[in-house]
Amino acid sequence: PTLQELIDKSNKEREKAIAEVEKTEKPNFSQPKVQEYFAQFESLYQKQKQDLQDKNTIEIAKNQKAIQDWNLLLVKHRNLLQNDQQKYQFDRYVAKLINEYYLLK
């Protein structure tokens with residue numbers, strides 16, 4: 001295969017993976033701390049959405065720092081889960097959330 005064919009194949013596989021992640025539904029984990037973790041994201045997401053609409057650059061920068069801090073807590077919350085299947089669902093959902101956050105304009 002040519003370099004362009006490899007690039008095209010890679011791009012198609014990437015798009016397919018993103019589409020699969022975008023379909024991910026919010027898992028219903030019984031651990032309250034995991035639920036709080038997802039609720040915290042929703043709050044950060046809504047705040048960023050509003051600040052982007054308001055063009056509030058200071059708050060946008062603060063929100064970006066807050067989402068980075070939220071992301072640093074990922075492993076702590078992932079480790080609260082019982083099994084590999086739950087961890088897989090958690091990982092996919094977090095990937096979806098992060099993707100949604102960075103697509104905000």
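**Figure 1. Contacts of Gln48 in the predicted model.** Not counting residues up to four places away in sequence, Gln48 touches Glu59, Ile60, Asn63, Gln64, Tyr101 and Leu104. The model shown here and in the other views is predicted. Gln48 lies in helix 2. Its relative accessible area is 3%, and because buried residues are those under 20%, Gln48 counts as buried.

**Figure 2. Helix 2 and its buried residues.** Helix 2 comprises 23 residues, and from its first C-alpha to its last it reaches 33 Å, close to the 33 Å expected at 1.5 Å a residue. The residues of helix 2 that are buried are Val34, Tyr37, Phe38, Phe41, Leu44, Tyr45, Gln48 and Asp51. These buried residues pack against helix 3, helix 4 and helix 5. Lys55 follows helix 2 and has a positive phi, near 55°.

Figure 3. Gln64 is placed in helix 3. With a relative accessibility of 36%, Gln64 is classed as partly exposed, whereas Gln48 is buried at 3%. When neighbours within four places in sequence are left aside, Gln64 is in contact with Gln48 and Tyr101. Tyr101 is also among the residues touched by Gln48. Gln64 and Tyr102 are 38 residues apart along the chain, and their C-alpha atoms are separated by 9.4 Å.

Figure 4. Ile60, Asn63, Ile67 and Trp70 of helix 3 are buried. Viewed down the axis of helix 3, the buried residues fall within an arc of 75°, and therefore line one face of the helix. The cover over these buried residues includes helix 2 (32–54), helix 4 (74–78) and helix 5. On the face of helix 3 turned away from its buried side are the exposed residues Ile58 and Leu72.

**Figure 5. Packing of helix 3 with helix 5.** Two packed helices are described by the angle between their axes and the distance between the axes. For helix 3 (residues 57–72) and helix 5 (residues 84–103), the angle is about 170° and the axes are 12 Å apart. Helix 3 is therefore roughly antiparallel to helix 5. Helix 3 contributes Asn63, Gln64, Ile67, Trp70 and Asn71 to the contact, and helix 5 contributes Val94, Leu97, Ile98, Tyr101 and Tyr102. By class, this contact of helix 3 with helix 5 has seven nonpolar residues, three polar residues and no charged residues. Asn63, Ile67 and Trp70, which take part in the contact, are among the buried residues of helix 3.

**Figure 6. Packing of helix 1 with helix 5.** Helix 1 (residues 3–22) packs with helix 5 at an angle of about 100°, and their axes are 8 Å apart. Helix 1 is therefore roughly perpendicular to helix 5. From helix 1, the contact is made by Ile18, Glu20, Val21 and Glu22; from helix 5, by Arg92, Ala95, Lys96 and Asn99. Three nonpolar, one polar and four charged residues make up this contact of helix 1 with helix 5, whereas the contact of helix 3 with helix 5 has no charged residues.

Technical notes. Residues are numbered from 1 along each chain as its sequence is written. This is a predicted model: local features need pLDDT of at least 70, side-chain atom pairs count only at pLDDT 80 or more; totals for chains, interfaces and linings use all residues. Side-chain values use heavy atoms; hydrogens and water are left out. Axes are lines fitted to C-alpha atoms, for helices over the stretch in contact, and angles run from 0 to 180 degrees between N-to-C directions. Helices (H or I, at least four residues) and strands (E, at least two) are DSSP runs, numbered from the N terminus. Angles under 35 degrees count as roughly parallel, over 145 as roughly antiparallel, 65 to 115 as roughly perpendicular and the rest as oblique. Contact means heavy atoms within 4.5 Å. Ala, Val, Leu, Ile, Met, Phe, Trp, Tyr, Cys and Pro count as nonpolar, Asp, Glu, Lys and Arg as charged, and the others, Gly among them, as polar. Buried means under 20% relative accessible area, exposed over 50%, partly exposed in between (1.4 Å probe, protein chains only). The arc is that of the directions from the helix axis to the C-beta atoms. The expected span of a helix is 1.5 Å times one less than its number of residues.
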